[in-house]
Amino acid sequence: MLAAVRTIPVCLVGGVTSLAAAEGAIREGFAFVQMARALIREPGLVNRIRNRLSNGDSGDGNFAVDTESPCIHCNECVVRMRFATSIVLAATLTDTS
Ligand code: SF4
């Protein structure tokens with residue numbers, strides 16, 4: 001559906017935290033997949049997935065878990081970033097020097 005109407009490469013943004021989700025997006029026609037919270041939770045996630053892929057699916061039943069971020073989408077990190085930004089802005093606005 002997406003591939004039929006798009007004329008420029010489109011990146012899926014938001015909520016992708018696993019290899020399965022990324023592959024699904026590519027199958028649906030997205031050219032790119034962006035990850036944010038998944039990489040905040042685990043900066044080495046892509047390397048972990050790459051290593052797991054190089055070892056293949058051994059059939060041990062852990063492939064999906066091994067290629068997924070432990071991020072639970074709680075948004076605590078987003079709240080903390082906004083709070084920290086507010087502190088910096090408030091300090092800047094009240095700076096009388
Ligand atoms: S704080 Fe929550 S949303 Fe943010 S990276 Fe951690 S688990 Fe994911």
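A helix here is a DSSP run of H or I that is at least four residues long, and helices are numbered from the N terminus. With that in hand, let's work through some exercises on this predicted model.

**Exercise 1. Find the helix that holds Ala 22, and decide whether Ala 22 is buried or exposed.**

Step 1: Look for the element. Ala 22 sits in helix α2, which covers residues 19-28.
Step 2: Recall the cut-off. A residue is buried if 20 or more other C-beta atoms lie within 10 Å of its own.
Step 3: Apply the cut-off. Ala 22 has 21 C-beta neighbours inside 10 Å, so Ala 22 counts as buried.
Step 4: Check the partners. Leaving aside residues up to four places away in sequence, Ala 22 touches Val 16 and Val 33.
Step 5: Ile 8 is 14 residues from Ala 22 in sequence, and their C-alpha atoms are 19 Å apart in space.

**Exercise 2. Work out where the buried residues of α2 lie around the helix, and what covers them.**

Step 1: List the buried residues of α2: Leu 19, Ala 22 and Ala 25.
Step 2: Look down the axis of α2. Its buried residues fall within an arc of 130 degrees, so they line one face of the helix.
Step 3: Turn to the other side of α2, where Glu 23, Arg 27 and Glu 28 are exposed.
Step 4: Find the cover. The buried residues of α2 are covered by elements including β1 (11-13), β2 (32-34) and α4 (45-55).
Step 5: Go just past the end of α2. There, Gly 29 takes a positive phi of about 115 degrees.

**Exercise 3. Describe the shell of residues around the ligand.**

Step 1: Name the residues. They are Arg 37, Ile 40, Arg 41, Cys 71, Ile 72, His 73, Cys 74, Asn 75, Glu 76 and Cys 77.
Step 2: The most comes from α3, with 3 residues.
Step 3: Sort them by type. The shell has 5 nonpolar, 2 polar and 3 charged residues.

How values were computed. Residues numbered from 1 in each chain as written. Predicted model: local features only at pLDDT ≥ 70, side-chain atom pairs only at ≥ 80, totals over all residues. Near = placed C-beta within 6 Å. Helix = DSSP H or I, 4+ residues; strand = E, 2+ residues; numbered from the N terminus. Nonpolar A, V, L, I, M, F, W, Y, C, P; charged D, E, K, R; others polar. Buried ≥ 20, exposed ≤ 12 C-beta atoms within 10 Å, placed from the backbone. Contact = placed C-beta atoms within 7 Å. Arc of directions from axis to C-beta.
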